[in-house]
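Trainee: I would like to go through a structure with you. Could we take the sheets and then the ligand?

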Amino acid sequence: MDTRIVSRQCTLCEAHCGIRVTVEGDRVVRIEGNPDDVLSEGYICPKATAMGALHHDPDRLRTPVRRVGDRFEPIGWDEAFREIGQRLRRIRAEHGPSAIGMYLGNPAAHSSSVLYGVLLRVALATRNFFSASSIDQFPQEFAAWRMFGSNVLMPVADIDRTDRLVILGANPAVSNGSVTTMPNAKQRIKRVRERGGTVVVIDPRRTETARLADQHIAVVPGGDVYLLLAVLNVLIDEKLCDERAVGARCSGWDELRETVAQCTPEVAAPHAGVDAETIRGFARDHAAARSAVLYARIGVCQQVTGTLTHWLVNTINAVTGNLDRAGGQMFATAPVDAARYGKYLPMGHGAWTDRSGRYKSFRSELPVAALADEILTEGRGQIRAMVTYAGNPVLSTPQRGRLDAALESLDFFVAVDMYVTETTRHADIILPPVSQLEREDVNLLFPVFSVRNNLRYDARVFEPPADGLEDWEIMARLVTEVVPLPARRLTGRMLNAMFERLSPVRLAALGIAAGPYGVLRRGRTGLTITKLRASAGGIDLGPLRPRLRTLIGTRDRKVRLAPQDFRAEVAKLLADLPATPPAGADGFDLRLIGRRHLRSNNSWLHNVPAMVKGRDRCTVLMHPADAGARGLADGEPVTVTSSSGSIVVTLEVGDDIRPGTVAIPHGWGHREPGVGWRVAASLPGANVNLLHDPALVDPLSGTAAVNNTWVKVSTTA
Ligand SMILES: Nc1nc2c(c(=O)[nH]1)N[C@H]1C(S)=C(S)[C@@H](COP(=O)(O)OP(=O)(O)OC[C@H]3O[C@@H](n4cnc5c(=O)[nH]c(N)nc54)[C@H](O)[C@@H]3O)O[C@H]1N2
Ligand SMILES: Nc1nc2c(c(=O)[nH]1)N[C@H]1C(S)=C(S)[C@@H](COP(=O)(O)OP(=O)(O)OC[C@H]3O[C@@H](n4cnc5c(=O)[nH]c(N)nc54)[C@H](O)[C@@H]3O)O[C@H]1N2
Ligand code: SF4
Ligand SMILES: [Mo]
């Protein structure tokens, strides 16, 4: 049989590891790491093999389907687009553009089709645009915008050169890095210690990453803000800051000093759950290191203090002289240099709100916590139709269980997804893109956040079926269907013809040629897509270089250390601070946080048998002392209740978690009727987002604070 090997990337998470796919006939028989990949160097995690299983999955949709009663029937593409166009245009004509809502999910960002998703968002001209960003990295974007003048300027930890790596609220040994592309994070962390450096992990759970560290600080969930304020307090009080660096490139130094003056280690300790001496020691060690970097991610984003915490992370990096220098926090120079242009994007914070007025828009989107209400609350401005693209918000976002009913109540719902999921089962029409192995791509997003400058290439493993469409082609067709009628009549054919010539890969080729490494700038030695295609595993473009000076978008071109609204939030926190932290009210006595597993990926790898074999993964992890106090035993089903809802999951007792805290992974609970994931539908587990209150958000960015939920756990009768 004809055997061939194709090199490309695994596009399941941000690491985008290089893989070699062996194909016999039309079957994937093996997936291995590509040792020539310039960033992942042969590493893959167990999920990489799912790329083959997803391609062959009999449950994956291969043609558009329309809902008829409680079943889905195949229909042709043209018929699907015609019906979608008619329905969406009618709803918009009757109720206005914001009557059509859109949700953009995480996998969209893993292909350059996302550009066309953005185009559709623009064509819809709706205020009701939502994405996974508002349960993910919004706090980081918000802090970057305030401090550096651009939301794109989320700095990357220079993990490969640092002498001291501090990780808060992230578990890269499992997640392989996020908003920092660092495949094989585990090895990269180990290398910090091998070269004589130090690794510290700040996390309520002794995670897989904490096991690699010199020091684990088991902070209380949500306690980081106090911890970091106190660290700054010590750095300033003991004159451990790099005042020269601060004077040369930062503004707001005096205001910063004033802001943290009150938050001594003694004040912070009970609220951080970390004793004062540990905080002092941490600050001194940090200042003493030759280079040091704080890397923080989702654990501290999904907090009511998400933005403040990310601000403090960047601030500590800046005042210790570790911003924009090797071994500290840096900015990549990507082949299409988005970091350079981010400052020209309008952020329009609060340009509009949801109808309750509670959630403000940020970079032209509303926090997803508002979604169910915006569909269910009747009246002017109500969402009557939805477009979802690569997202499963029913499992991924906190909506108090009302999103099912909300989606079911819509006049029209079109989903772009290859599965009938907890979300898309409510759609009128589902449009499936070709499989990931059937698309060619050049991802230009992740090089903006990589730990080394690089560009890598995704080759097609299989030719797409004759009638298969990629996501971008589906988006382009949707755009032509929703543009206002006269324009559509005049330009429909023209647009189609244009789109055909403007595939994301062609756009990427142009962008690369015109970018900082491209042939147009560098002449014949410059980068082209032809050279990229010919490479064995992408092109290495060298270590990160200092460049904040050219990137910064603040008016005085200085790093703002103490934005006024951040100071005001800190003042509120500290003014209300009781001597000891409050316990949960009404018997809700445990704090619930999330947790990720190496073989899982948010809500959508649970239909791949190799990813879900073995024991139940959707367990509630509890410390033995807490289990004992409640008379609960490992392996028994327990009921977890919050003020928003209640779920039943299996108890897992283990001392890796801080007492008083429990952890449950998200993305589970596939047993709802009609879900087309037959393997997943047979698995135990429940939707943890039923426990989270959508009203609990970071007040600055509107990000869902799912790591701030109080619960109680009892035996399930
Ligand atoms: N409680 C809690 N909730 C969380 C989190 C948490 O830590 N705790 N984490 C949050 C985070 S960080 C994120 S990013 C979100 C993720 O949540 P979402 O962004 O909603 O995404 P997923 O749940 O991963 O669902 C992805 C969907 O996209 C489909 N899909 C996969 N690939 C493609 C493709 O190439 N094209 C198209 N059209 N569809 C595709 C899949 O079939 C699946 O239905 O979850 C968030 N929810
Ligand atoms: N295997 C796997 N990999 C993934 C994903 C996946 O689902 N599975 N999802 C991908 C996506 S979309 C994303 S965004 C990234 C996320 O990547 P990470 O940011 O690394 O996410 P998590 O693994 O959830 O790690 C968050 C950590 O924060 C801790 N934490 C919770 N609350 C607090 C707190 O208050 N303070 C502190 N200091 N820590 C806290 C949790 O215990 C947990 O260890 O992972 C990506 N990679
Ligand atoms: S870490 Fe795993 S899932 Fe992520 S890109 Fe690499 S192989 Fe794929
Ligand atoms: Mo995410």
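Mentor: Let us begin with a term: two strands are said to pair if DSSP finds at least two bridges between them. Please also keep in mind that this is a predicted model.

Trainee: In what order do the three strands of the open antiparallel sheet lie?

Mentor: The order is 1-2-3, and the pairing is antiparallel. Strand 1 (3–9) and strand 3 (27–33) are the edge strands; each has a single partner strand, so one side of each has no neighbour in the sheet. From one strand to the next, the twist averages 25°.

Trainee: How many bridges join strand 2 to strand 3?

Mentor: Six bridges join strand 2 (residues 18–24) to strand 3. Within this pair, Glu24 stands opposite Arg27 of strand 3.

Trainee: What about the open sheet of four strands: is its pairing parallel or antiparallel?

Mentor: Its pairing is parallel, and the strand order is 11-10-9-13.

Trainee: Which strands does helix 6 touch?

Mentor: Helix 6 (residues 185–194) packs on the sheet and touches strand 9 and strand 10. Its direction makes about 130° with that of strand 10. Helix 11 (residues 276–288) also packs on the sheet, where it touches strand 9, strand 10, strand 11 and strand 13. The direction of helix 11 makes about 135° with that of strand 9.

Trainee: Now the ligand. How many residues surround ligand 1?

Mentor: There are 33, and the closest are Asn106, Ser396, Asp417, Asp471 and Ser603. By class, the shell comprises 15 nonpolar, 13 polar and five charged residues.

Trainee: Which polar backbone atom is 2.7 Å from a nitrogen atom of the ligand?

Mentor: That atom belongs to Ser396. A polar backbone atom of Asn392 is 2.8 Å from an oxygen atom of ligand 1. Arg439 contributes a polar side-chain atom, 2.9 Å from an oxygen atom of the ligand.

Trainee: How much of the ligand's accessible area does the protein cover?

Mentor: The protein covers 98% of the 910 Å² that ligand 1 has on its own.

Definitions and conventions
Residues numbered from 1 in each chain as written. Chains lettered and ligands numbered in written order. Predicted model: local features only at pLDDT ≥ 70, side-chain atom pairs only at ≥ 80, totals over all residues. Heavy atoms only, no water. Helix = DSSP H or I, 4+ residues; strand = E, 2+ residues; numbered from the N terminus. Contact = heavy atoms within 4.5 Å. Axes fitted to C-alpha atoms, helices over the stretch in contact; angles between N-to-C directions. Near = heavy atom within 4 Å. Polar contact = N/O pair within 3.5 Å; in protein donor to acceptor, adjacent residues only side chain to side chain. Areas by Shrake-Rupley, 256 points an atom, 1.4 Å probe, with all protein chains shown as cover. Nonpolar A, V, L, I, M, F, W, Y, C, P; charged D, E, K, R; others polar.
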